[in-house]
Each structure stands twice: as C-alpha cells, then as structure tokens.
Amino acid sequence: MGQRGSTQPEVRVLLLGLDNAGKSSLLYKLKINKFVGTVPTIGFNVEMLDVRKNKKNFALTVWDVGGQAEMRRHWRSFYQDTAAVVFVVDSADRSRVQEAKRELENALRSEQLRGRPLIVLANKQDVDGAMTVSEVKDFFNLRRICAERDWYVQPCSASTGFGLEEALKRVSHMTKLPSESAAHVKENIKGTVNYIRAKSVRR
Ligand code: G3D
C-alpha cells in the first residue's frame, strides 16, 4: 500500500554515496517533475516518485540515508526490502573516489543486497575534468564487483539536470516490480512444474 493510500506497487530504492556527492540535489531535482509526496523523516530523506513500467504505475520510494561517516554505519539498517541500489559519485572530486569505492564495496558485500541491481550516478558532469563513465567503471572495478548483479553507470548533473530523466528511466527499468520478484517467479515456476506433472500423470 502506498503512503498516500494508493494500491499501486511500491518499491524501495536506496540512494547511497558519500556526503557532498549530490544525493539531496538529485532527489530534489527529480521530484520537481515526478514528485508524489514527502514522507516526514528523522535524519534522512525519503521521496516517492511515480514511475511507469510495463504499462503499470508504481511508486519508487527513494531513501537517501545520508553519506556522512557517522551515518554510513546505519546504511545496513535500510538494506532489507531494497529493490535496487543507486550509488551517487561526485565525479569531480577525485580525492574522495577511493573512499567512495570502499563504501560501495562494503555495501555490496551485504547478503541483503545480493543480486540487487546497481545504478551508479556519475554526478557533477558539468564540472571540467569530471571522471568519465569509463573512468568510473574502471576505477570502481564494476565488472568484477558486480559480476552477479545488473549494473549501469549513468552520467548526470544535478545542477543542470543533464542525464536525470535517463537515470530515472534506467532505475525503473532495472528495478523489479513486486510481481517480478524472485518469490513470485519461484511460485510461478512451482505452479508450472505442478501443472506439467499433473498433465503427464493424466496421459
Ligand atoms: P549530498 O546530499 O550527497 O551530501 P548535496 O550532496 O546534494 O548536498 O550536494 C553537495 C554539493 O554539491 C552542493 O553544493 C550542491 O549544490 C553540489 N552539487 C550537487 N550536484 C551537483 C552537480 O551536478 N554539479 C555541481 N557543479 N555541483 C553539484 P553546496 O555548495 O551547496 O554545498
């Protein structure tokens, strides 16, 4: 059930990244077009964005849990029920990408996030000398650390709005709706197997 009492499916996306990466700015920019409502929070931002996928509307609840060092140890409290991880990188601050890489690796090690898609937003592309998409892919070693999940790097700028629409599309494309979840697929597989068995027995 959505926060507004709607019955449209709701999926949780976790917005992670170091402090100053641009998470709040991105969320603010995105909600200008897609804003549904704000959930009053204590110490972190949660926004609901209306998105459309497979001809269905659903609400993405985007949880920005803060990137300051003291907040990072709380990230794991939000992993449960997360359908996708969006990791925001300040592509213009090469002095902190090593720290960002370490935090991303820590997060992806979590069992609760196993197999969840990762969308890296290479933010601040409007700044001269910002890391390119291929630099981000290589530096974060994404091919290796994401061998068992879908991943994508989207260049963007929360300041100019560049890449944001694509980022949201990519997130909704890669996020599984509740009906597409593993449990549901398992149920479907079980149902199909039972059906085939029943048919074969009758023959
Ligand atoms: P956070 O929520 O991840 O901590 P913020 O980050 O959204 O607060 O952004 C941190 C700073 O980066 C802000 O600057 C913000 O304006 C700036 N910023 C965010 N996105 C971009 C971007 O795409 N390009 C540029 N050039 N700056 C960006 P201030 O000066 O307000 O602290």
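Let's start at the ligand, where one of its oxygen atoms sits 2.7 Å from an N or O atom in the side chain of K23, a polar contact in the sense of a pair of N or O atoms within 3.5 Å (within protein, one must be able to donate a hydrogen and the other to accept it, and residues adjacent in sequence count only if both atoms are side-chain atoms). This is a predicted model, in which local features need pLDDT of at least 70 and side-chain atom pairs count only at pLDDT 80 or more, while totals for chains, interfaces and linings use all residues. Residues are numbered from 1 along each chain as its sequence is written, and side-chain values use heavy atoms, with hydrogens and water left out.

Two further side chains reach ligand oxygen atoms: a polar atom of S25 at 2.6 Å and a polar atom of K124 at 3.0 Å. Of the 650 Å² of accessible area that the ligand has on its own, the protein covers 61% (Shrake-Rupley method, 1.4 Å probe; for residues, only the protein chains shown count as cover).

Now step back to the whole shell. The ligand is surrounded by 15 residues, with N20, K23, S24, S25 and D126 the closest; a residue belongs here if one of its heavy atoms lies within 4 Å of the ligand. Helix α1, residues 23-34, contributes the most to this shell, namely three residues. Helices (H or I, at least four residues) and strands (E, at least two) are DSSP runs numbered from the N terminus. Sorted by class, the shell has seven polar, four charged and four nonpolar residues. Here Ala, Val, Leu, Ile, Met, Phe, Trp, Tyr, Cys and Pro count as nonpolar, Asp, Glu, Lys and Arg as charged, and the others, Gly among them, as polar.

Next, look at the largest nonpolar core: among its 29 residues, L16, F87, L104, L118, F140 and L142 touch the most other members. Such a core is a set of buried Ala, Val, Leu, Ile, Met, Phe, Trp, Tyr and Cys residues joined through side-chain atoms within 4.5 Å, where buried means under 20% relative accessible area (1.4 Å probe, protein chains only). α3 gives the most to this core, with five residues. Leaving aside residues up to four places away in sequence, F87 touches residues including L16, W75, L104 and F140, contact being heavy atoms within 4.5 Å.

Finally, find T61 in strand β4, residues 56-64. T61 counts as buried because its relative accessibility is 4%. Its side chain makes a polar contact of 3.3 Å with that of W63.

Note on methods
Buried < 20%, exposed > 50% of the residue type's maximum accessible area, 1.4 Å probe, protein only.
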